[in-house]
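Colleague: I'm new to this one and would like to learn how to read it. Could you walk me through it, feature by feature?

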Amino acid sequence: MTSLPANPSPTKLGLVVDLDICVGCHACAVNCKEWNTGGYHAPLTDTNPDGTDPSGVWFNRVHAFEAGEGKAGRTVHFPRSCLHCEDAPCVTVCPTGASYKRDEDGIVLIDESMCIGCKLCSWSCPYGAREYDADVGVMKKCTLCIDRIYNENMEIVDRVPACVATCPAGARHFGDLGDPASDVSRLVVDRDGYDLMPEMEIRPTNKYLPPRPRRDEDGAITAATSMEDASPEGGFLGWVDKLLSGAGDVK
Amino acid sequence: MNPAYSVIFFTTASGLGYGLLAFIGVFVSLGLLPADRWLGLWGLGVALAAITFGLLASTFHLGHPERAWRAVTQWRSSWLAREGVVALLTYVPAAVLGISWVFFEQISGGIALAALLVAVTSTITVYCTGMIYASIKAIPAWHQTAVPVNYVLLAAMTGAVWFLALLHIFDLPTVPVTVIAVVLLVFGLAAKMNYWRQNDDAPVTSTSGTATGLSELGDVRLLETPNTSANYLNKEMGFKVARKHAVKLRRIAIATGFVVPIIFVILAALASGISAVFFSLFAAIIMMIGIVTERWLFFAEARHVVNLYYGETTI
């Protein structure tokens, strides 16, 4: 059924991505690919992977942007994946019922066995979350690792999306954004988390946390402290230095 | 957007077919056409062939054409499904009309009602086609009421010009349809030029700042793409060739799709016999070249907001 849930559960599972912390290492994208090429949407087909023009299906892609000018300019690494929107247009445009939003947790999924590969859902997504697998002839997308987060064969600590589990910087958080008391909801409030392209009015569930403001006013980047003097004058260290220094030694 | 040939062929051929079908339906229901079976065979034959080949072509770009039947199930939410439902429904009264006309030369009474129904469902189908595109917010150029209006108008226009050629071939009265065709060609041209002007002057919908949420830091520009060679999004949504030649292609569309057909429709009205048939058929064929160009531009010129993640700064 490609109508949106009539009585959606208050639970809205999603991600919070911290743009202040993300270092752009692409580990989330790689681990996403690694997990999902054996998961719900397996395989995430690559074409010509070792050639000069490789192409393939990825659910998570890490961009880098520059914002601002000169000393005030910032480089911001920007992971982009499905935002599991509340008013997901990719669901309602689907003519077959393959694309749907789960009542119980708001995850947007594709039933590959019903997908005709018309690509209209990918056209309707402002965020480029859906990628067509030309080899299989169906659309594929982020499942929020539905085969991890509810997987009773995994340790509880591992029941998070692959991108969250692997992030070495702790820039990705998973939780219930429908519960105002959840850790992720509090993080969004504390850090002024925001929606991407709010003008599209499709209420993305995932939130992004902005880079924190710089601490120094003029925007200059300075080393924390210089190292101690290698040739101190006077005192015990000065005496040791003088004792050990030969004529040809570098000061 | 990537202008897929199958979709261009589908929208132009089915537009022509449903337009022609609608004109035949209205004229039959008003009792303005003779019950000659050859007229029915050729008129409905051309219309239904254009529609059917168009619908088949639209399944060529599917990943799984064998599952296409599923595409009628979600009519509650999806304009594509609604289009499919009404497109298939149209075959029912069209078959009733066609069988009665071709085999029994009987097109009055209940059959006239079926003909009217054909005209109604044909129009709704083309409206649904337009709404498939108009419902996509992520492509601001399409997300406007002008899109379904233009689709219906251009379908009526192409249908009228082909209907006129049919009337010339069967040596039937052509004055009312000549007037209708010229009016629709003029309105079609005005609507299309208005669409282009509106999109050229359209205010910015989204920016790289709103796409990333970083606009408070200043101008936002792409530093690195995630992928070293083009991915699905770049190939499907990142099409840029048309914009380079847009002005020339628009001129070609205006000339061949509207201006030349107007001239030849009028020439056909002034001529008689075989030259009238030739002029009206020439108008119909050259118009299709213009309409295909117009449709190619409709897709190729439309900019998808996902490109804001791939280097564009305003859309």
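This is a predicted model: local features need pLDDT of at least 70, side-chain atom pairs count only at pLDDT 80 or more; totals for chains, interfaces and linings use all residues.

Colleague: What does a label like S1(B) stand for, and which strand does S1(B) pair with?

Modeller: Helices (H or I, at least four residues) and strands (E, at least two) are DSSP runs, numbered from the N terminus. Two strands pair if DSSP finds at least two bridges between them. Here S1(B), residues 220-224, runs antiparallel to S4(A), and four bridges join them.

Colleague: How many residues of each chain are in contact with the other chain?

Modeller: Two residues are in contact if their C-beta atoms, placed from the backbone, lie within 7 Å. By that rule 53 residues of chain A touch 46 residues of chain B. Elements of chain A giving at least two residues each to that side include S4 (60-67), S5 (74-81) and H3 (120-124). The largest share, seven residues, comes from S4(A).

Colleague: What kinds of residue make up the side of chain A that touches chain B?

Modeller: For the classes, Ala, Val, Leu, Ile, Met, Phe, Trp, Tyr, Cys and Pro count as nonpolar, Asp, Glu, Lys and Arg as charged, and the others, Gly among them, as polar. That side of chain A splits into 29 nonpolar, 15 polar and nine charged residues.

Colleague: On to whole chains. Is chain A compact or spread out?

Modeller: Begin with its make-up: chain A has seven helices and eleven strands. Its radius of gyration is 24 Å, well over the 18 Å that the globule rule gives for 251 residues, so chain A is more spread out than a compact globule. The radius is taken over C-alpha atoms, and the rule is 2.2 Å times the number of residues to the power 0.38. The C-alpha trace of chain A spans about 85 × 45 × 45 Å along its principal axes.

Colleague: And what does chain B contain?

Modeller: Chain B has eleven helices and one strand. With a radius of gyration of 22 Å, close to the 20 Å from the globule rule for 315 residues, chain B is as compact as a globular protein of that length. Its C-alpha trace spans about 75 × 45 × 30 Å along the principal axes.

Colleague: Is H5(B) enclosed or open?

Modeller: A residue is buried if 20 or more other C-beta atoms lie within 10 Å of its own, exposed if 12 or fewer, and partly exposed in between, with C-beta atoms placed from the backbone. In H5(B), 21 of the 24 residues are buried, so the helix is largely enclosed by the rest of the structure. Across chain B, buried residues make up 54% of the 315, and in chain A 45% of the 251 count as buried.

Colleague: Could we finish with a single residue? Why does Ala253(B) count as buried?

Modeller: Ala253(B) has 24 C-beta neighbours inside 10 Å, so it counts as buried. Ala253(B) sits in H10 (residues 246-270) of chain B. Leaving aside neighbours within four places in sequence, Ala253(B) is in contact with Gly290(B), Thr293(B), Glu294(B) and Leu297(B).

Key. Residues are numbered from 1 along each chain as its sequence is written. Chains are lettered from A and ligands numbered from 1 in the order in which they are written.
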